[in-house]
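Hi,

Here is the structure I promised to pass on. Have a look first, and my notes follow below.

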Amino acid sequence: MNPRARVLLLNAAIGPLDYRVDPDNPVEPGSIVLAPLGPRQLTGVVWEPDHMPSDMDVGDNRLRPLAAVYDLPPLKASLRRLIEWTAAYYMASPAAVLRMTLASASALDGSPVIVEYRATGHVPDRMTPQRTQALERIGTRQGLIRELAARADVTDAVVRGLVKAGALEAVTVQADDPYPVPDPAHGPPTLSDDQRAAATQLSEAVTAHMAQPFLLDGVTGSGKTEVYFEAVARAIAEGRQTLVLLPEIALTEPFLKRFEARFGCLPVAWHSDLRQSQRRRAWRAIASGEARVVVGARSALFLPYPNLGLIVVDEAHETSFKQEEGVMYHARDVAVMRGRFEDFPVILASATPAIETRQQVALGHYAELKLPGRYGAAQMPTIAALDLTADPPARGRWLAPVLVAAMEETLAKKEQVLLFLNRRGYAPLTLCRTCGHRFQCPNCTAWMVEHRLSARLACHHCGHTMPPPAACPECKAEDSLVACGPGVERIADEVAVLFPTARTAVVTSDTIWSPARAAEFVNRMEAGDIDIVVGTQLVTKGYHFPNLTLVGVIDADLGLQGGDLRAAERSFQQIAQVSGRAGRGTKPGRVFVQTHEPQAPVIQALVSGDADSFYAAETDSRRAAGAPPFGRFAGIVVSSELQSAALDTARLIGRTAPRVPGMEVYGPAPAPLSMLRGRHRHRLLVHAARTFDMQDAIRKWLGALEWPKTVRVNVDVDPYSFL
């Protein structure tokens, strides 16, 4: 037995270290261990030295012994290779990637019995503002004291005081209760010929352990979920695990209902809204192989499945699969790599596939399965553009007369309406009509957005909030604040004036922040308790409401602003997806798209239904510019609380940029969002040929430089945000 072990610790600032192994407690690559570091003990994983070189050369006699070896299955070699690949490709620390695998500290050890707390309904005699806030925000939620305190935005002491006062009671939770096993034969669907052919091909790939990515390209309402459920059923029948990735936590609950109807029980859920006890139970079930089907957000991708046989990336075109902080990976692409490392198929399901995915199909790297029509009697909706320059809304209004008339007709038939505007809050800008003062976030170069439902001004970048002031802070004029432009809340106000008896729901991440709230919304829609939905991109995907027959897109031009290379594609995807919410049952659907540019290629493609021509033109423009997928981009973001330090470091990086064929460096320049969370920001953009080893060049370039500890330099490979 080797007397020493190379250990990758969960600390990105420290490289892998060697430790002495107790002969009575042997380890192997992948073993999860507890290792001493100074006075502390850190969790880590034993790694092969040839895969994880160490800068520290310590003799055997100077090695410190491992503190403990966890009684958990070792991480598979294929998962360790995925962690290495992700760290190398996205230029991240292997420890930061590993942290996503060991994502539940409580799951590693500790008692399977956990004590949580929930409200009793009793209100203490002595109530403080903090106690009132805590009880309001905790509501029916259950959790640890620190979880409830975080949810209520109060200190732990406030929550403990409520426990002593009898307002909260202790509840014992068995954290290791087994999960039910889905039954692949429980509720088999009736499939069309196209669906059956696609399902057969996917199921055969599961059985063959085929490392093949599939694009399941079907129009909205074509039954893609039912098709890939057949591949899931095959994996279950063969005793293997399946992961289904969803882009939004709010989509989890509707998916769970469909899953339960098909397989007779719920899958294992993994997302940020889980309590610690739920995360512990899910992680251990996943690591043991007991969890047969997991549905979750992108972070579920790195969990230690011992027997993974299929990954499904639903709504695979969604930009929310790209992580924008920490390890800036794209879950769609990492899922494909995990399938290659572990020999199983990966299904990318989408009605509007990304150009990058379409190009992989064109190259023959991905197999394409098409579902060209809606399932059953449902038909695609008709789409019409409303030219706001020719038929504008009334002054002070945002809904065009034609759309208002269509809403009247739809409501008269007892059918439902969806109005889409991808802008949260009441108005994107608040200013003083007396002096023109604009309310800007103190931490970011961004405007404060008015939210009238919660009576606050909020920054959508850093989360800073403040109550709307009674007077202008600049000129002291009272009652002088005016809202500029529409958000969903302002559209909802207009709807209330036009249709005072209609029941309206505002659906955004402010109102649908958890699967439970999403379930409540779905139940109300299905019960017919909502007539008009006013929502952001949260309502553009995943939902199936047969009585929703009219969709109005309030500002189709909004997404075309900002100069993003994917702006036109993203607008097309978003509007096509929200249009797909109309007419999903037997009733025909209509879509009205309000625009100032009816001749724009995006709008023309939507109205004509000629998506292929639009994508061909977008692909040609990308090819001509050498933009992804025909070239490579990387963003380098330099930030510091000290403006001079950020600027000096950005100039240093720009000045030392390598001059090599196949790679160009642009910048530095102040980032469009030049301050974020109190940090000054500058950007550089690296543009490289597809075949050029961009990561290696950047690694050597930045590795030779030094900058102050107050400065952060982050590299975003394949960036989706250019702010």
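Let me start with a pair of helices: α16 passes α18 in a left-handed crossing (left-handed if the near helix is turned anticlockwise from the far one by less than a right angle, right-handed if clockwise). Helices here are DSSP runs of H or I with at least four residues, numbered from the N terminus. Before going further, note that this is a predicted model, where local features need pLDDT of at least 70 and side-chain atom pairs count only at pLDDT 80 or more, while totals for chains, interfaces and linings use all residues. Residues are numbered from 1 along each chain as its sequence is written, and side-chain values use heavy atoms, leaving out hydrogens and water.

Back to the pair. Helix α16 covers residues 567-579 and helix α18 covers 611-625; they pack at about 160 degrees with axes 10 Å apart (axes are lines fitted to C-alpha atoms over the stretch in contact, and angles run from 0 to 180 degrees between N-to-C directions). That makes α16 roughly antiparallel to α18, since angles over 145 degrees count as such. On the α16 side, Ala568, Glu569, Phe572 and Gln573 make the contact, meeting Ala611, Phe614, Tyr615, Glu618 and Arg622 of α18 (contact means heavy atoms within 4.5 Å).

Ala287 counts as buried because its relative accessibility is 7% (buried is under 20% relative accessible area, exposed over 50%, partly exposed in between, with a 1.4 Å probe and protein chains only). Beyond its neighbours within four places in sequence, Ala287 touches Pro73, Pro304 and Pro306.

Cheers

Methods:
Helix = DSSP H or I, 4+ residues; strand = E, 2+ residues; numbered from the N terminus. Parallel < 35°, antiparallel > 145°, perpendicular 65-115°, else oblique.
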